[in-house]
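Biologist: I've got this one open on my screen and would like to talk through how it is put together. Can you take me through it, one piece at a time?

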Amino acid sequence: MGAAGDTLLVKNLSGMWLLQQTLREWAEADGSSAAPIEMLTDLLAAAADSHYRGRFDPADPSLQAPDGLTARIAAACTATGSAPPTSRGDFVRAIVDSLAAAYADTLRVAADLSRRRLERIRIVGGGARNDLLCALTAERSGLPVIAGPVEASVRGVLLQVAVAAGDLTDAASARGIVVDDGDGPARFHPAAAVATATPTIGDPS
């Protein structure tokens, strides 16, 4: 994630997989083969309104298997001294808040090791569509969050192909390409970030 001198810090954090698998579990319990977009929209709205503040470590090895995930998330919250979440909105709040806290903690470590002052955070991919995640990350880190582009992975692959084909000289030249993001990325600020977040829909992966 960052560098300190000649030392490269690589930290792999859980992403929206926890939310994706929890939604799948609930959809199956409701008799659906997959979670509809409407379920995600409603649960993000419920999570934004939830008063639940329990959190857990998203990197806990006990949470890396997909089946029976909600029971293990409840146990992980209890292990930290919090009451377990009871409603689906509470579960989603716990997941998103725990991810935001983990992102903020890791960024603080990266800043300390690199001896650099971080000024902002950029969230790309599917998580950029989750306003609550972006807002909570801003709140937990104390830094403004820029959301997008959603298609970051696709862009990265295309640029790698262009370098391999010789259309671009190297990765540095690829990073220098200016891409039009339309209206520009959404920004979330630490002050009152969660209060102004509007739950959005999108692929939680």
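This is a predicted model: local features need pLDDT of at least 70, side-chain atom pairs count only at pLDDT 80 or more; totals for chains, interfaces and linings use all residues.

Biologist: How are helix 3 and helix 4 oriented to each other, roughly parallel or roughly perpendicular?

Modeller: Two packed helices are described by the angle between their axes and the distance between the axes. Here the axes of helix 3 and helix 4 come within 11 Å and cross at roughly 65°. Angles of 65 to 115 degrees count as roughly perpendicular. So helix 3 and helix 4 are roughly perpendicular.

Biologist: And which hand does the crossing of helix 3 and helix 4 have?

Modeller: The angle to go with it is roughly 65°. As for the hand of the helix 3 and helix 4 crossing, it is left-handed.

Biologist: Which residues touch the most other members of the largest nonpolar core, and which element gives that core its largest share?

Modeller: That core holds 30 residues, and Phe-56, Ile-73 and Val-92 touch the most other members. Helix 1, helix 2, helix 3, helix 4 and helix 5 (131-141) each give two or more residues to it. The largest share, 8 residues, comes from helix 4.

Biologist: Over to helix 1: what should its end-to-end span be, and what is it in the model?

Modeller: Helix 1 covers residues 17-29, which is 13 residues, at 1.5 Å a residue. The expected span uses one less than the number of residues, so helix 1 should span 18 Å. Its end C-alpha atoms agree with that, being apart by 18 Å.

Biologist: Which helices do the buried residues of helix 1 pack against?

Modeller: Leu-18, Leu-19, Gln-21, Thr-22, Leu-23, Glu-25, Trp-26 and Ala-27 are buried in helix 1. The buried residues of helix 1 pack against helix 2 (37-49), helix 3 (69-79) and helix 4 (88-114).

Biologist: Is Gly-15 buried or partly exposed, and which residues does Gly-15 contact beyond four places in sequence?

Modeller: Gly-15 sits in the loop between strand 2 (7-9) and helix 1. Its relative accessible area is 27%, so Gly-15 is partly exposed. In sequence Gly-15 and Leu-99 are 84 residues apart, yet their C-alpha atoms are 7.2 Å apart in space. Beyond four places in sequence, the contacts of Gly-15 are Leu-99 and Tyr-103.

Biologist: What is phi for Arg-115, and is Arg-115 buried or exposed?

Modeller: Most residues other than glycine have a negative phi. Arg-115, in the loop between helix 4 and strand 3 (121-123), has a positive phi near 55°. Its relative accessibility is 78%, so Arg-115 counts as exposed.

How values were computed:
Residues are numbered from 1 along each chain as its sequence is written. Side-chain values use heavy atoms; hydrogens and water are left out. Helices (H or I, at least four residues) and strands (E, at least two) are DSSP runs, numbered from the N terminus. Buried means under 20% relative accessible area, exposed over 50%, partly exposed in between (1.4 Å probe, protein chains only). Contact means heavy atoms within 4.5 Å. A nonpolar core is a set of buried Ala, Val, Leu, Ile, Met, Phe, Trp, Tyr and Cys residues joined through side-chain atoms within 4.5 Å. Axes are lines fitted to C-alpha atoms, for helices over the stretch in contact, and angles run from 0 to 180 degrees between N-to-C directions. Angles under 35 degrees count as roughly parallel, over 145 as roughly antiparallel, 65 to 115 as roughly perpendicular and the rest as oblique. A crossing is left-handed if the near helix is turned anticlockwise from the far one by less than a right angle, and right-handed if clockwise.
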